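Dear colleague,

Please find below the structure that I am handing over to you.

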Number of protein chains: 4
Amino acid sequence: MTPSVGFIGLGLMGRPMAANLLKAGYELTIWNRTASRGDDLVSRGAKRAASPREVAAASEIVITIVSDPAALESVLWGDTGVFAGLRPQGILIDSSTVSPALAQRAGQAAETQGCEFLEAPVTGGTWGAEKGELLFMLGGEAETIKRVEPLLGVLGKRWFHLGPLGCGQTVKLAMNVLLGLEVEAFAEALALVRGAGIPGERLMDVMQSSMGRSGVLDVKAPMMVSGEYKTSFPMRLMHKDFGLAIDLANQLGVPLPAAANTRELFSAVKAGTTQDIDFCAVADFWKRSDAK
Amino acid sequence: MTPSVGFIGLGLMGRPMAANLLKAGYELTIWNRTASRGDDLVSRGAKRAASPREVAAASEIVITIVSDPAALESVLWGDTGVFAGLRPQGILIDSSTVSPALAQRAGQAAETQGCEFLEAPVTGGTWGAEKGELLFMLGGEAETIKRVEPLLGVLGKRWFHLGPLGCGQTVKLAMNVLLGLEVEAFAEALALVRGAGIPGERLMDVMQSSMGRSGVLDVKAPMMVSGEYKTSFPMRLMHKDFGLAIDLANQLGVPLPAAANTRELFSAVKAGTTQDIDFCAVADFWKRSDAK
Amino acid sequence: MTPSVGFIGLGLMGRPMAANLLKAGYELTIWNRTASRGDDLVSRGAKRAASPREVAAASEIVITIVSDPAALESVLWGDTGVFAGLRPQGILIDSSTVSPALAQRAGQAAETQGCEFLEAPVTGGTWGAEKGELLFMLGGEAETIKRVEPLLGVLGKRWFHLGPLGCGQTVKLAMNVLLGLEVEAFAEALALVRGAGIPGERLMDVMQSSMGRSGVLDVKAPMMVSGEYKTSFPMRLMHKDFGLAIDLANQLGVPLPAAANTRELFSAVKAGTTQDIDFCAVADFWKRSDAK
Amino acid sequence: MTPSVGFIGLGLMGRPMAANLLKAGYELTIWNRTASRGDDLVSRGAKRAASPREVAAASEIVITIVSDPAALESVLWGDTGVFAGLRPQGILIDSSTVSPALAQRAGQAAETQGCEFLEAPVTGGTWGAEKGELLFMLGGEAETIKRVEPLLGVLGKRWFHLGPLGCGQTVKLAMNVLLGLEVEAFAEALALVRGAGIPGERLMDVMQSSMGRSGVLDVKAPMMVSGEYKTSFPMRLMHKDFGLAIDLANQLGVPLPAAANTRELFSAVKAGTTQDIDFCAVADFWKRSDAK
């Protein structure tokens with residue numbers, strides 16, 4: 001029998017994930033800060049709870065996927081938080097991207113209540129979320145993972161058990177450093193050819209036939225070249241993840257020079273607009289230097 | 001009838017390229033600063049000339065592929081240089097990576113003598129050179145390209161005509177910025193996970209299943225993770241190309257923050273060893289911070 | 001009549017500050033995590049309290065100067081913290097370097113209890129602390145400042161009221177960015193001349209006669225050139241302050257490219273030793289690139 | 001008897017230097033690419049030559065101070081260049097800022113002709129040039145320096161013999177790295193406080209009373225805070241010098257991370273305007289991030 005599932009956080013990633021669980025026959029209780037984001041799911045059979053606590057009280061497994069550490073703290077702790085309602089032997093799975101330290105703190109809180117906690121940040125974007133082809137970077141106990149594998153199989157195609165709590169978030173932050181810098185790499189290459197008066201399409205043609213081709217650039221390069229963006233991974237989140245990665249690296253004594261540099265560029269690009277742009281819009285940074 | 005071909009520069013790339021021309025039945029005259037590098041080609045039928053000038057005098061088409069701008073200047077100009085021997089209506093193809101300005105200067109010199117010049121830097125690495133699967137980034141006249149297409153088809157599978165002289169080198173420099181930063185991206189991601197005590201293999205597993213996967217990382221990541229390198233693209237050349245790209249960008253007023261940063265890192269890593277390491281050995285930079 | 005003063009945090013800065021208050025006739029109650037650091041002050045008349053709470057209960061004015069935000073949180077809040085003992089109408093002055101947000105939070109906590117709070121980070125180093133020549137960067141109410149001016153005059157020669165709570169810390173972080181980058185500037189200039197085989201003394205001679213001369217380099221350049229350091233401003237604190245400044249800037253959308261870069265260098269240098277080095281030891285970073 | 005002096009390069013620095021030589025009674029022959037720049041000197045007694053060659057033919061000592069390596073090459077070499085006219089036993093003093101390699105090449109050319117060459121780049125700005133208070137960074141032979149000391153004493157107050165040819169330029173480039181980064185340091189500190197809504201004057205007040213005060217900031221900070229600039233050291237020249245310094249450092253294997261970074265920022269700021277701005281206008285970079 002499928003367990004009852006609670007789902008907290010109905011953003012770009014959370015909504016399609018929750019929809020896939022519904023489709024797979026899971027009984028779903030949902031909560032989102034902006035409740036209307038869940039209307040469609042409710043119309044398809046999900047139950048709406050009044051708080052994260054109520055979600056937890058109604059569910060054997062609770063999944064959270066919110067935008068940043070502060071949002072996760074606010075849904076987990078406090079009078080109306082998940083921990084106030086989590087059942088004994090309940091399982092909490094967090095798919096947000098946060099610091100390893102916060103994941104460990106959540107794990108300790110769960111353990112204190114006799115519950116289990118998995119960190120399970122994802123990669124694959126909105127496309128992967130919709131198709132059920134996400135990749136999970138897991139930290140926690142192997143036995144807990146075993147218990148939730150059927151559910152992971154609904155949301156994704158692959159999962160990696162990377163070690164105890166903290167390892168999942170660390171690898172996720174490293175992966176976002178990789179993706180962010182790959183996009184920055186193409187942005188700088190593009191700026192160079194455009195600065196020389198060569199259309200960006202020329203570079204893209206060469207890149208796509210070369211060793212420089214990558215999964216993320218298959219999706220992002222056409223937008224960067226055309227200047228017509230669709231936001232699937234918002235800059236505000238990539239900027240946040242670079243901050244988490246760099247802060248972690250500085251605690252560990254590992255220098256990340258290109259990432260630190262790129263974080264400042266992301267910061268400037270983000271501050272330069274009021275729109276919720278995709279992180280690959282960093283390609284437009286060089287246009288700022290037009291003579292005036 | 002196949003034209004007579006001169007080949008100057010028998011390094012990691014030049015040797016397999018020249019060998020493919022011999023195999024395809026071209027009559028080949030060769031020259032290299034260190035002559036012994038051509039012994040094998042001579043034993044297979046190539047003629048050895050005493051100078052770049054003699055190569056040019058003996059050939060309808062001359063191909064040069066040397067390590068840097070200074071080396072190219074020394075084989076093209078002067079009493080024993082290519083231009084001193086180049087036949088009227090001869091074609092000079094340079095596959096070195098140099099500045100667009102130097103390519104344009106070579107083009108003007110060729111034109112003055114009634115010859116044709118193509119810039120034709122390549123990507124694809126030693127593997128592509130051996131298999132005859134290089135990609136050419138061409139700048140120059142479309143008609144000249146037409147005349148040499150049979151020859152290009154022996155050396156590579158694809159060529160892009162990117163515009164007048166200078167455009168080929170500009171796109172080539174941009175491509176190396178892309179490849180260098182993609183490798184730096186994985187180097188930083190790797191440093192972060194290792195700094196946290198997680199084996200690099202874990203990150204590689206995730207990367208290879210993710211959107212972060214790229215052609216260059218398919219080849220380089222296993223070396224970066226294992227620490228066992230085979231030099232196919234030497235750091236000294238990637239470091240030189242970053243310098244050329246950044247100098248060009250500074251002339252154009254295009255900032256390349258991550259590339260500028262990474263050039264300094266490449267510089268430090270290169271200076272830290274007497275070996276001719278591959279550029280992906282930048283992955284070891286973080287080990288320098290071990291406490292003493 | 002002089003007010004009773006509590007003093008929490010007896011590090012490199014705190015001890016000479018507390019000593020000056022004793023000398024000036026203030027009745028002093030002290031506390032430090034490592035109690036023995038206060039022995040000398042006790043022998044000269046200070047009373048030792050068992051907790052920050054007891055310090056607060058015994059004092060009209062409480063001064064805190066601890067090493068980082070976490071340390072400040074631990075002495076201010078909780079059962080044994082300052083706020084648990086602070087008298088109505090008491091004044092709390094914090095001279096630690098922390099985030100503006102934490103200063104504002106402390107201010108709200110003080111207000112809730114009917115107390116006053118000033119942020120009062122300092123510059124001037126151990127030398128300034130010993131001579132009573134510190135410079136205070138104040139945020140808070142002008143009236144509160146007026147009440148504590150006699151006390152500030154014992155510890156320093158100048159104070160600037162920079163605005164409401166948060167402004168003092170912001171200017172302090174900006175000042176440390178300035179000082180850190182000035183030292184990094186000389187470190188890079190020094191690396192360049194040494195790399196060319198020119199003794200560092202030559203650069204120092206020129207610098208001291210030039211517009212590049214600065215207060216911080218008057219003190220630090222001789223150490224950087226000789227390689228014989230005395231730790232007065234530890235790298236671990238400068239590294240922390242760069243982190244606070246950059247995190248603040250990223251929240252504000254202000255890019256700090258050189259600072260972000262230098263933070264990574266500080267991080268690597270700090271991680272490369274187990275000693276509590278001065279931040280100007282960043283001058284030795286370039287020696288890492290010696291060939292091996 | 002005072003020797004006859006030739007002066008080539010009448011820019012912001014050259015004109016006041018030449019004027020001081022006239023005032024001191026030297027017989028002066030001048031040349032400048034834009035001849036009209038010398039009209040005032042001619043009206044005060046200088047002779048105008050038709051080429052650098054003629055300047056050299058008319059003079060016992062020739063001084064050059066032009067804007068960049070290309071300009072120096074064009075005035076020294078070729079049919080109308082200095083070396084075509086330089087007298088046997090003549091002395092050539094170059095006060096331009098160029099690469100050490102170019103200075104060494106000029107020295108060899110001079111030696112071949114039985115002449116002497118000094119590299120003598122200066123610091124002190126237009127103010128120092130006008131007051132005759134420049135500082136010279138000399139490379140070359142001690143005996144040559146002895147011969148020109150009376151002349152140096154007219155132009156400046158101090159000179160340092162830093163070693164053989166190349167050492168003067170190396171120290172000069174290092175000094176400009178220092179000055180450029182000191183100004184960038186204040187620019188970033190200023191951006192941080194302004195981003196937080198605090199007037200820049202507050203930071204300047206604190207800075208001027210602190211260890212962060214420096215000679216260059218005494219002059220530049222008021223302009224950076226007010227936004228009203230007077231160009232005394234153009235950004236185009238500081239940007240060029242950063243390029244020379246970083247290229248030298250990369251040849252030597254010395255990483256200059258903050259300088260490399262700042263060069264890109266200078267590049268973007270320079271490209272963002274058609275005016276000949278002072279390098280301290282880098283303080284306005286952060287305004288580019290205003291939301292649109």
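Confidence

Please bear in mind that this is a predicted model. Its scores are ipTM 0.96 and pTM 0.95. For chain A, the average pLDDT is 96, and 98% of the residues score at least 70.

Domains of chain A

The domain assignment divides chain A into domain 1, covering 5–163, and domain 2, covering 169–289. The C-alpha centres of these two domains of chain A are 28 Å apart. Where they meet, 16 residues of domain 1 of chain A are in contact with 12 residues of domain 2 of chain A. On the side of domain 1 that touches domain 2, the elements giving two or more residues are α6 (100–112) and α7 (125–131) of chain A. By class, that side of domain 1 of chain A holds seven nonpolar, seven polar and two charged residues.

Contact between chains C and D

The contact takes 58 residues from chain C and 59 residues from chain D. On the side of chain D that touches chain C, two strands, β8 (134–138) and β9 (156–161), each supply at least two residues. The helices α8 (167–195), α9, α10 (215–226), α11 (235–252) and α12 (257–271) of chain D likewise each supply at least two. Which element gives the most to this side of chain D? It is α8(D), with 20 residues. In terms of class, the side of chain D that touches chain C divides into 38 nonpolar, 14 polar and seven charged residues.

Helix packing across the two chains

One helix pair brings together α8 (residues 167–195) of chain C and α9 (residues 200–208) of chain D, which pack at an angle of about 55 degrees with their axes 10 Å apart. The two helices α8(C) and α9(D) are therefore oblique to each other. Their crossing is right-handed. From α8(C), the contact is made by Val171(C), Ala174(C), Met175(C) and Leu178(C); from α9(D), it is made by Arg202(D), Leu203(D), Val206(D) and Met207(D). The residues of this contact of α8(C) with α9(D) comprise seven nonpolar, no polar and one charged.

Helix packing within chain D

Within chain D, α9(D) also packs with α10(D), at an angle of about 165 degrees and with the axes 9 Å apart. At that angle, α9(D) is roughly antiparallel to α10(D). The crossing of α9(D) and α10(D) is left-handed. On α9(D), the residues making the contact are Gly200(D), Glu201(D), Met204(D) and Met207(D), while α10(D) contributes Leu217(D), Ala221(D) and Val225(D). By class, the contact of α9(D) with α10(D) has five nonpolar residues, one polar and one charged.

Helix packing within chain C

Within chain C, α8(C) packs with α12 (residues 257–271) at an angle of about 70 degrees, with the axes 10 Å apart. Angles of 65 to 115 degrees count as roughly perpendicular, and so α8(C) is roughly perpendicular to α12(C). The helix α8(C) passes α12(C) in a left-handed crossing. This contact is made by Val177(C), Gly180(C), Leu181(C) and Glu184(C) of α8(C), together with Ala258(C), Ala259(C) and Thr262(C) of α12(C). The residues of the contact of α8(C) with α12(C) divide into four nonpolar, two polar and one charged.

With kind regards

Note on methods:
Residues are numbered from 1 along each chain as its sequence is written. Chains are lettered from A and ligands numbered from 1 in the order in which they are written. This is a predicted model: local features need pLDDT of at least 70, side-chain atom pairs count only at pLDDT 80 or more; totals for chains, interfaces and linings use all residues. Axes are lines fitted to C-alpha atoms, for helices over the stretch in contact, and angles run from 0 to 180 degrees between N-to-C directions. Helices (H or I, at least four residues) and strands (E, at least two) are DSSP runs, numbered from the N terminus. Angles under 35 degrees count as roughly parallel, over 145 as roughly antiparallel, 65 to 115 as roughly perpendicular and the rest as oblique. A crossing is left-handed if the near helix is turned anticlockwise from the far one by less than a right angle, and right-handed if clockwise. Two residues are in contact if their C-beta atoms, placed from the backbone, lie within 7 Å. Ala, Val, Leu, Ile, Met, Phe, Trp, Tyr, Cys and Pro count as nonpolar, Asp, Glu, Lys and Arg as charged, and the others, Gly among them, as polar. pLDDT is the predictor's confidence in each residue, from 0 to 100. Domain bounds come from an automatic or database domain assignment.
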